[in-house]
Amino acid sequence: MEYKFQQHVTKEDYIKFLMNHLKMNIMPPFNIGLFVFGIGYLLLSPIVTGTGSFVYTYVALFLILLMVISVWFAKYNAGRRYDKNKDMFDMTYVADDEGFSYLIGSEKVLKKWFDFYMATETEEYLYIFTSKDSGSVIVKREVPTEAIDFIRKQLKAHVSPKRLKLL
């Protein structure tokens, strides 16, 4: 079975892909727990330590502000990167029993199904990764449902269940 489809990744799609990737790599539940505990302790330090000094509270507020600015900056840079390379976001994909490939010009780049590292799915997107730092976004609104079902089936057969988050 072979499914060939084309899609255009919009600026919004690309930014969502990068934000999802950032969330998956930097903010897993354990890291979030450590962050909440650490920042919470710093925020409550005047009460916990009994000194009444707000120095650590200010440090915590600065760290929170720094995180917010970092996320905003990541989104801003993703938008700029998209604007500079708009032509690279029109892709042709082929999914078959051998693997998942994309066409660059007339050259076909094939990734075999067992090469995939992980996959995550939302209502709008299917994110597939060949490594922790390299992946593709499939915009589900532009892809036939049968092709999405086929890709899901292949991923379930070849990727560790711990690394699959499919609907």
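Biologist: On a 1 Å grid over the protein atoms alone, a pocket is an open set of points where a 1.4 Å probe fits, with protein on both sides within 12 Å along at least five of seven lines; lining residues have an atom within 4 Å of a point. Which residues lie nearest the centre of the largest pocket?

Modeller: Met88, Met91, Tyr93, Gly135 and Ser136, out of 23 lining residues. This is a predicted model, where local features need pLDDT of at least 70 and side-chain atom pairs 80 or more, while totals for chains, interfaces and linings use all residues. Residues are numbered from 1 along each chain, and side-chain values use heavy atoms, without hydrogens or water.

Biologist: Which elements give two or more residues to that lining?

Modeller: H1, E2 (90-96), E3 (99-104), E6 and E7. Helices (H or I, at least four residues) and strands (E, at least two) are DSSP runs numbered from the N terminus.

Biologist: What lines the second largest pocket?

Modeller: Its lining includes Lys23, Met24, Pro28, Tyr117, Lys132 and Arg163. H1 gives the most, with 3 residues.

Biologist: Now the sheet. What is the strand order?

Modeller: E7-E6-E5-E8, in an open sheet of 4 strands with mixed pairing. Strands E7 (134-139) and E8 (164-165) are at the edges with a single partner strand each, so one side of each has no neighbour in the sheet. Pairing takes at least two DSSP bridges.

Biologist: How many bridges join E5 to E8?

Modeller: There are 2, and E5 (residues 118-121) runs parallel to E8. Alanine 119 stands opposite leucine 164 in E8.
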